[in-house]
Amino acid sequence: MRDATLPIDDRGLAYGDGLFETVLVRDGQPLLWDYHMARLELGIDRLALPRPDFDAFHALPAQCGPGLRVLKLMLTRGSGGRGYRPPEAPDLRWRWKDSPFEPSPGRWFEGVAVRCCELRLGIQPRLAGIKHLARLENVLARQEWQDDAIAEGLLCDSQGHLVEATAMNLVWRRAGRLETPLLDRCGVDGTLLSALDEIVDLDRVRVGLDTLLAADAAWLINSVQGVWPIRRLDDSAGNALKQWSLESNDTFRHAAHRQLGYPLNLGD
Ligand SMILES: Cc1ncc(COP(=O)(O)O)c(C=O)c1O
């Protein structure tokens, strides 16, 4: 159902008992659609939700408005059950909405300043990778800074391992190899990251901040914004930890932007 209100006893609203996807759509054509549906399916299995009518989902992008849009699809276990105990036969509830989207070319081509967040992500392998609705860690982390000059905040887990940013995945290059944090204990396994995993050599590693500080380039990525090269990294008090210079031939960004139909170079 298109953007309609939810009842107060909806389990997604009450407990975050559900999933969502945010998909970039250009003139009715979704980008990375198969990856979004695969992540949704993984989430459905993990939460033991009933299988939805995927055909109804496949029909949504064509119903979006013209130009560049973001399609948000939200799925909950519906109402009922006893407190946390889910109903035996849940009646899945889903909503969707599409909104116009304007990307930030300045962030693609000039890079961004990023900070480290104080918040630590809890380790919970059963929720790792999926895009569930219970996102309070991300909300608390995003609440840590108000300065619009800081584009994102980096998140580590409770043991100090790098995970991702509040709404983006993190990739860096060190000694000629592309690396990204393992997402098997927390974090969201991005669809753009999964797509890039198939076309570039990407090592998934469990490392701390020191490894990122030894990198010669770093990027934030997601399926809606594309790729933002990181130009400066601050600690949570605003002290500069590291500066990177922009690369004139950023082959990693090019590979990612080809996936999304975004320009490779300024002026394209
Ligand atoms: C916490 C988090 N990590 C990673 C991502 C990147 O996912 P995707 O590439 O599917 O947009 C998102 C997307 O919004 C996110 O919210």
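Author: Domain bounds come from an automatic or database domain assignment. On that basis the protein chain splits into domain 1 (11–100) and domain 2 (105–260). This is a predicted model, with local features needing pLDDT of at least 70, side-chain atom pairs counting only at pLDDT 80 or more, and totals for chains, interfaces and linings using all residues. Residues are numbered from 1 along each chain as its sequence is written, and side-chain values use heavy atoms, leaving out hydrogens and water.

Reader: How do you know how many residues of domain 1 and domain 2 are in contact?

Author: Contact means heavy atoms within 4.5 Å. By that rule, 23 residues of domain 1 touch 23 residues of domain 2. The domain centres, taken over C-alpha atoms, sit 24 Å apart.

Reader: What makes up the area that domain 1 and domain 2 bury between them?

Author: Buried area is the accessible area (1.4 Å probe) that two parts lose on being put together, summed over both. Here that comes to about 1800 Å², with 66% on carbon and sulfur atoms. On the side of domain 1 that touches domain 2, helix H1 (11–15), strand S1 (18–26), helix H2 (33–47) and strand S3 (68–76) each give two or more residues. Helices (H or I, at least four residues) and strands (E, at least two) are DSSP runs, numbered from the N terminus.

Reader: How many salt bridges does the rule find across the interface of domain 1 and domain 2?

Author: The rule wants a side-chain nitrogen of Lys or Arg within 4 Å of a carboxyl oxygen of Asp or Glu. It finds 0 between domain 1 and domain 2.

Reader: Which residues come nearest to the ligand?

Author: A residue is near a molecule if one of its heavy atoms lies within 4 Å of it. Of the 14 residues around the ligand, Arg39, Lys131, Glu164, Thr191 and Ser223 come nearest.
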